[in-house]
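Thanks for coming. I have one structure to go through today, so please look at it first.

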Protein chains: 2
Amino acid sequence: MMRISSSTGLSPRMKAPSGASTGTVTTLGRRAVISREDLVAAALKLVGPNRSVSSLSLREVAREAGIAPNSFYRHFRDMDELAIALIDQAGRSLRTIIGEARHRATEGRSVVRSSVETFMEQLSADEKLLHILLREGNVGSDAFKRAVEQELSFFEDELRVDLVRLAKAHNTAVYEPALVAKAITRLIFAMGATAMDLPHERHAEIAEQMIVMVRMIIVGTQTIAVHGSMPD
Amino acid sequence: MMRISSSTGLSPRMKAPSGASTGTVTTLGRRAVISREDLVAAALKLVGPNRSVSSLSLREVAREAGIAPNSFYRHFRDMDELAIALIDQAGRSLRTIIGEARHRATEGRSVVRSSVETFMEQLSADEKLLHILLREGNVGSDAFKRAVEQELSFFEDELRVDLVRLAKAHNTAVYEPALVAKAITRLIFAMGATAMDLPHERHAEIAEQMIVMVRMIIVGTQTIAVHGSMPD
DNA sequence: CATCTGTCTATACATTTGTATATTATTGTC
DNA sequence: GACAATAATATACAAATGTATAGACAGATG
């Protein structure tokens, strides 16, 4: 936004990103005082209900992390790369959460209810990360949007196999499971996004709405699968 | 973002916004060479798939409109106010579109299909305005978000009365019509938002997906209304 | 005509941004 | 300890932003 040809400017002495998650056994040269993860955490502290990732500036993040602006380039090519790292982390976090929900669900209670409630609990607790996944998929660079879209499709895939598995277990049918998974995912995410602006007291209410919505979709797909026709 | 106390700084000689849409019969003083609408149009020219409203700068819009930066203050207090004017326009545009779809639908064809197809057609044709409504509800100021949310609830309300009316006409029942309307609205909007990044050739495909999704929800609510119970 | 009133422009300033260049600091290896 | 390699900083600069101040312009009214 500043320089006209900003997209072509690379960092001065860029190298490998300091052994991201690998142990970095041989440190030749000065020891890194800050890591990629620290920068991601600093960025995370800055985002909020009125602060989107795409509005963060490089200098702002560096300031929050307590390093000189130029040191940022040691770890990321630009803010866009940081944003994608943020999405990765958010996606990983979300998928483990839902994995938990899935395990918890097998212990007798309703799958839908337990999954939705886990989702909403995490929304309250871990706001920042989910913020990014839920709300910022539509703005930002193409790479950023692609990363969000990929996380969503991971989610959809897992949900789809779950739906098919559950249908078999309950001896019911599912019409177009892929589409059902997509509908549920998008709906839950959209509802979750708006829920973030609401006070926490209303989260339970939103969760109930979500549950009814999901059940309507599931009943719909089962009914269509049995009767084989759809209404106009 | 610039000044620390920027939110308190008002425009130098601010007044009434030059008679927004009213005719401005009595022009005392110099004739206005530019209108609010011109600025809104200029802003609209600048937004795109990778350019959100909240990322536009005051100077940028003024440049596009061909006026001096300071002249902007004659019409809007700040960019936030412009953004809300944009939403108003987008919302009005969308509601007239759907009104058309509703009329068209009564002429025999499927209500769902005709509404969804009208929606998607407009998505292709009038991208910019719908962009704002579909994608930017989650970022930006509180006022901005509230404006988007209001447009969504207008939409929901109209859909809800339609659902009830149609159910009566077809002699079927609807379980929780308000929730059904909300689910359909959010789902269509979320799907529409992702569709905007896709090439136009795939829009028809997305429309078909939307139609199936909506029908699943409708069949679901009808089935639940009849049987009176929901699955786990 | 002069005057008043509202619209628009010109200039200016402090601030922030991204990043280029050069320098310092700290580590492992010989 | 000298050396090389790497991390981090300091300084600097051009661009851009929001906006304060002051003046120029144009039309209505006296």
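Which side chains meet in a salt bridge at 3.1 Å, N to O? They are those of A:D197 and B:K145. Keep in mind that this is a predicted model.

Staying with the two chains, the rule finds 2 salt bridges across the interface of chain A and chain B. On the chain A side, α4 (111-125), α5 (127-135), α6, α7 (177-195) and α8 (203-227) each supply at least two of the residues that touch chain B. The largest share comes from α8(A), with 11 residues. Sorted by class, that side of chain A has 22 nonpolar, 11 polar and 9 charged residues.

Now the totals. Chain A puts 42 residues into the contact, and chain B puts in 42 residues. Between them the chains bury about 3,800 Å², with 66% of that on carbon and sulfur atoms. As for polar contacts between chain A and chain B, the count is 9 residue pairs.

Next, the core. The largest nonpolar core has 132 residues. Those with the most contacts inside it include A:V61, A:L82, A:F119 and B:F119. Beyond four places in sequence, A:F119 touches A:L94, A:I98, A:L134, A:I188, A:F189, A:G192 and A:M210.

Is A:A143 buried, partly exposed or exposed? Its relative accessibility is 27%, so A:A143 counts as partly exposed. Setting aside neighbours within four places in sequence, A:A143 is in contact with A:D80 and A:I84. From A:A143 to A:L39 the separation is 104 residues in sequence and 19 Å in space, C-alpha to C-alpha.

Definitions and conventions:
Residues numbered from 1 in each chain as written. Chains lettered and ligands numbered in written order. Predicted model: local features only at pLDDT ≥ 70, side-chain atom pairs only at ≥ 80, totals over all residues. Heavy atoms only, no water. Core = buried A, V, L, I, M, F, W, Y, C linked by side-chain atoms within 4.5 Å. Buried < 20%, exposed > 50% of the residue type's maximum accessible area, 1.4 Å probe, protein only. Contact = heavy atoms within 4.5 Å. Buried area = accessible area lost by both parts, 1.4 Å probe. Salt bridge = Lys/Arg side-chain N within 4 Å of Asp/Glu carboxyl O. Polar contact = N/O pair within 3.5 Å; in protein donor to acceptor, adjacent residues only side chain to side chain. Helix = DSSP H or I, 4+ residues; strand = E, 2+ residues; numbered from the N terminus. Nonpolar A, V, L, I, M, F, W, Y, C, P; charged D, E, K, R; others polar.
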